[in-house]
Amino acid sequence: MTAMQNVSIGAHYAIHLPAPDDFAFWRERARGLIQCDVPPDRVAWIEPGATGDLFGSEGPSRSGDKRLPAPSADASPVRASQRFITIARSAALHSDPARFGLLYRVLWRLQRQPRLMEDKADPDVRRLEDLAKSVRRDAHKMHAFVRFREVAEEDGTPHFVAWFEPDHHIVRTEASFFMRRFANMRWSILTPRGSVHWDGETMREGPPARREDAPGDDPVEDLWRSYYASIFNPARLKVGAMLSEMPKKYWKNLPEAELIPQLIAGAQAREATMVAAGARAERARPASLAEIAQSITACRDCPIADCGTRAVMGEGAPSVPLMIVGEQPGDQEDLTARPFVGPAGQLLDTYLERAGIDRSSAYVTNAVKHFKFTWKGKHRLHQSPTAKEIDTCRWWLEAERQIVQPRIVLALGASAARGLLGRTLSITRERGKAIMLDDRTELWVTAHPSYLLRLDGEAREQQAVLFAADLAALRERLAELAG
Ligand code: URA
């Protein structure tokens, strides 16, 4: 940021802002100037890098530089309604070079007309509201259209990088939205107005970037494309409204945008089909795992669907003898879109290996497809799904089971068992024996590895022995069925 510099020129003042989005700086200077009774036409607000003849031909020369006047100790307080502050805070981020002058003029007038902000016909008030609205809209677009691409750091840690072209100076302010949303990820948002970088702990600011500095296509884009195609609702299609919500200028950064023309073209036909068949029939049982993966991203049958970053699909080949079912994705699973990759997954891998079960020859999934959590500071803490939420998601789990056709399903914990059976059972009572799901599929239940992770000392050792024994029995049964 450039150093602050305030120069008075005769009876005029040129205020150099340290950054184009520094509302706090403007506010402090504006307050002092109002208290010294400096009228708006005597102040020029200058952004970093701006040049020009600030006061036109009537302006003073720079020869009379002097410091800003200091308000006297008994100067009256500056009046500004909360409404003005709220609108001004947004309007200050607009790219219009005249915005700080406008803000000062309105603040000046507010001292004499305290109800000025209520005058909707006043040109200054209208302009201020327009600026604020346009900034809010830009922020909304940034929330909606930033698309991270994954790049690997040298140490193999994933880093997510996005390119975005805001119309206004919103990047630093909106960085906090992404910090809350992706608290545990390492990410960077690059823009022509500056960049922000989050490493999971601290936010850093960087210089403006170019489009080429951000990575291009990667496999994450396929996920977005299929997500967009599946949430696209032909019955709601209004091309004009859609273009205003999703202006063409953003399309080049959006992997899903290349689908738009074909989706629009097919919309009427799909709408007719939907009306005729009814919305539920749109959900005919999927014929492949890929189809389920696509459909679950659009599922909004329970409130968990709005949690997490994405639906996490099961992983593994169809037609394997073993299907392993957990409860729901955790933080790491949500970020990587893969089941059982976090601490519970690592523990599971260790015990599977010890039991001689090859995870890569099993199909691994969850009873619930989205990560349900609550924020604690910047951490997302797991919350158990309710019985109703598990039951709502059973439809997908059953669809996966019908495609995979395993001989044995291993349920890790009570939520997974409920997802398979539709009722709650006791793991302690039912572990170590088969429950028939249909005439060829056995359900085996055991503890969830996260349960082991929550225990300490002797209790953990006892549970670890039981867990290992359950997996050993399972391996034997798999061998029997194979033989
Ligand atoms: N716990 C689960 O139940 N499933 C996962 O995928 C990860 C943790």
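Me: What is meant by a left-handed or a right-handed crossing of two helices?
Reply: A crossing is left-handed if the near helix is turned anticlockwise from the far one by less than a right angle, and right-handed if clockwise. In this predicted model, helix 4 passes helix 5 in a right-handed crossing.

Me: Which residues make that contact?
Reply: Helix 4 contributes A139, M142 and H143, and helix 5 contributes V171, E174, F177 and F178. Sorted by class, five of the residues in this contact are nonpolar, one is polar and one is charged.

Me: What numbers describe two packed helices?
Reply: The angle between their axes and the distance between the axes. For helix 4 (residues 123–145) and helix 5 (residues 171–181), the angle is about 40° and the axes are 11 Å apart. Helix 4 is therefore oblique to helix 5.

Me: How do strands of a sheet pair?
Reply: They pair through backbone hydrogen bonds, either parallel or antiparallel. Here an open sheet of five strands has the order 11-10-14-16-15, with mixed pairing.

Me: Which strands stand at the edges?
Reply: Strand 11 (362–366) and strand 15 (435–436) do; each has a single partner strand, so one side of each lacks a neighbour in the sheet. Strand 11 runs parallel to strand 10 (residues 322–326), and five bridges join them. In one of these pairs, L322 has A362 of strand 11 as its bridge partner.

Me: Which strands does helix 12 touch?
Reply: Helix 12 (residues 387–404) packs on the sheet and touches strand 10, strand 11 and strand 14 (408–412). Its direction makes about 175° with that of strand 11. Helix 16 (residues 457–482) also packs on the sheet, touching strand 10, strand 14 and strand 16 (442–446); the direction of helix 16 makes about 165° with that of strand 16.

Definitions and conventions:
Residues are numbered from 1 along each chain as its sequence is written. This is a predicted model: local features need pLDDT of at least 70, side-chain atom pairs count only at pLDDT 80 or more; totals for chains, interfaces and linings use all residues. Side-chain values use heavy atoms; hydrogens and water are left out. Axes are lines fitted to C-alpha atoms, for helices over the stretch in contact, and angles run from 0 to 180 degrees between N-to-C directions. Helices (H or I, at least four residues) and strands (E, at least two) are DSSP runs, numbered from the N terminus. Angles under 35 degrees count as roughly parallel, over 145 as roughly antiparallel, 65 to 115 as roughly perpendicular and the rest as oblique. Contact means heavy atoms within 4.5 Å. Ala, Val, Leu, Ile, Met, Phe, Trp, Tyr, Cys and Pro count as nonpolar, Asp, Glu, Lys and Arg as charged, and the others, Gly among them, as polar. Two strands pair if DSSP finds at least two bridges between them.
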